[in-house]
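Good morning, and thank you for coming. Please look at the sequence and the structure as I go through a few selected places in them.

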Amino acid sequence: MIYLETGSTDPYFNLAFEEYVFEKLDRSRSYFILWQNENTIVVGRHQNTYEEINQQYVEEHGIRVVRRLSGGGAVYHDSGNLNYTFIVDKDAAPDFNFAVFTVPVIKTLEQIGVKAEFTGRNDLTIDGKKFSGNAQYVRHGRILHHGCIMLDSNIEVVSNALRVKEAKFQSKGVKSVRSRVTTINAHAPRPVTMEEFKRLLKGYILQAEGLEPMELTPRQLAEVRRLRDAKYATWEWNYGASPAYDMRREQRFDAGTVTVHLQAEAGRIKAVKIYGDFFGSGELSELEAALVGLPLDDDLEEALGRLNVGWYIQGLSARDLAGLLKG
């Protein structure tokens with residue numbers, strides 16, 4: 001397994017670096033990347049950024065916002081947060097099987113006397129409190145799995161910067177972001193530095209998989225910077241245009257929260273935009289385009305059954321989506 005570090009705390013560069021490795025480097029190899037962002041909110045691929053963040057707080061505190069390739073929910077990164085990425089063939093794990101990629105983190109924490117476990121769809125927890133979220137992007141027969149590890153992050157900023165939906169609180173039986181989130185050092189027998197934690201995590205991967213250090217060439221880094229500037233640093237990618245819609249409908253499923261903004265005319269879908277913290281393999285724009293023209297009546301479920309809804313929104317059925325669209 002090839003090991004890389006981005007050497008930057010710029011979130012736009014780091015997400016571009018990750019995509020470059022996934023898309024451009026030798027696909028016969030697997031990769032492990034460690035990286036950190038400074039004061040950043042990273043939103044999921046399918047989320048409506050304005051609905052996920054406290055925009056005024058973000059602006060007042062100089063927090064940058066960037067959209068990642070993978071689905072899932074928004075997370076906050078600072079210098080107390082370590083991010084890791086695995087890029088492997090799909091044969092290494094079924095799509096959206098998150099647990100297999102979190103084992104190195106759990107085993108590393110055992111070395112410092114902290115018991116963690118994988119829970120729910122994609123979380124790592126200590127005593128029922130989340131300290132790590134995970135997400136995946138699947139393409140070209142490859143999986144990009146990445147997670148954030150809150151070693152010593154500022155929990156107060158997390159709770160103020162993110163606007164977590166009430167339905168998510170209810171599904172987990174908690175009252176607020178602050179009551180649900182924790183850090184590793186809040187539970188460790190002694191404070192652990194970031195460098196020590198990185199060393200232990202790398203050591204576990206080295207023993208389990210073997211690691212071959214690598215650095216990108218100056219030409220490759222220039223391509224990463226071009227991708228950064230053309231995509232990840234742009235308003236269009238991170239926020240995007242959100243045209244006015246007549247109706248907004250939202251529901252919490254096992255697959256995640258799904259929100260639809262909808263325009264209808266003469267009982268048929270005229271325009272639709274789907275947001276959420278779900279995961280999926282297909283390009284969501286394809287599903288949205290296929291929905292246009294469908295009737296909002298009893299025949300909708302049958303029509304959706306021909307669209308393979310679960311390919312675009314993992315775990316969601318045609319019946320689920322039909323019920324949400326019809327309201």
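Asp89 is partly exposed, because its relative accessible area is 37%; buried means under 20%, exposed means over 50%, and partly exposed lies in between, with a 1.4 Å probe and the protein chains only. Before I go on, please note that this is a predicted model, in which local features need pLDDT of at least 70 and side-chain atom pairs count only at pLDDT 80 or more, while totals for chains, interfaces and linings use all residues. Residues are numbered from 1 along each chain as its sequence is written, and side-chain values use heavy atoms, with hydrogens and water left out.

To return to Asp89, this residue sits in strand β6; helices (H or I, at least four residues) and strands (E, at least two) are DSSP runs, numbered from the N terminus. Which residues does Asp89 contact, leaving aside its neighbours within four places in sequence? They are Arg27, Gly141 and Arg142, where contact means heavy atoms within 4.5 Å. With Arg142 there is also a polar contact of 2.9 Å, side chain to side chain. A polar contact is a pair of N or O atoms within 3.5 Å; within protein, one must be able to donate a hydrogen and the other to accept it, and residues adjacent in sequence count only if both atoms are side-chain atoms. The C-alpha atom of Asp89 is separated by 9.5 Å from that of Val138, although the two residues are 49 residues apart along the chain.

His140 belongs to the loop between β9 (129-139) and β10 (142-150). Its phi is near 60°, a positive value in a residue other than glycine. His140 is partly exposed, at a relative accessible area of 38%. Ala266 has a positive phi as well, near 55°, and is likewise a residue other than glycine. This alanine lies in the loop between β13 (256-265) and β14, and Ala266 counts as exposed because its relative accessibility is 81%.

I turn now to the aromatic residues. A pair of aromatic rings is described by the distance of the centres and the angle of the planes. In the whole structure, a search finds 10 aromatic pairs; rings of Phe, Tyr and Trp (its six-membered ring) pair if their centres lie within 6.5 Å, and planes under 30 degrees apart count as stacked, over 60 as edge-to-face and the rest as tilted. One of the pairs is Tyr84 with Phe86, which is edge-to-face because the planes stand at 80°, with the ring centres 5.9 Å apart. Tyr84 is buried, with a relative accessible area of 1%, and Phe86 is buried at 5%. Phe86 also pairs with Phe101: here the centres are 5.8 Å apart and the planes are at 40°, so this pair is tilted. The pair links distant parts of the chain, since Phe86 is in strand β6 (residues 81-89) and Phe101 is in helix α4 (residues 99-111), 15 residues apart. Phe101 is buried too, with a relative accessible area of 6%. Where do these rings belong as a group? Ring pairs link Tyr3, Phe32, Tyr84, Phe86 and Phe101 into a cluster.

Helix α4 also holds Val100, which is partly exposed at a relative accessible area of 39%.

Next come two residues that both touch Asn37. His77 lies in strand β5 (residues 75-77) and counts as buried, at 3% relative accessibility. Its side chain is joined to that of Asn37 by a polar contact of 3.0 Å. Beyond four places in sequence, the residues that His77 touches include Trp35, Asn37, Val42 and Cys148. Asp10 is in the loop between β1 (2-5) and α1 (11-24), and is buried, with a relative accessible area of 15%. Leaving aside neighbours within four places in sequence, Asp10 is in contact with Asn37, Arg64 and Arg228. A polar atom of the Asp10 side chain lies 3.1 Å from the backbone nitrogen of Tyr12.

The lining of the second largest pocket has six nonpolar, five polar and six charged residues; Ala, Val, Leu, Ile, Met, Phe, Trp, Tyr, Cys and Pro count as nonpolar, Asp, Glu, Lys and Arg as charged, and the others, Gly among them, as polar.
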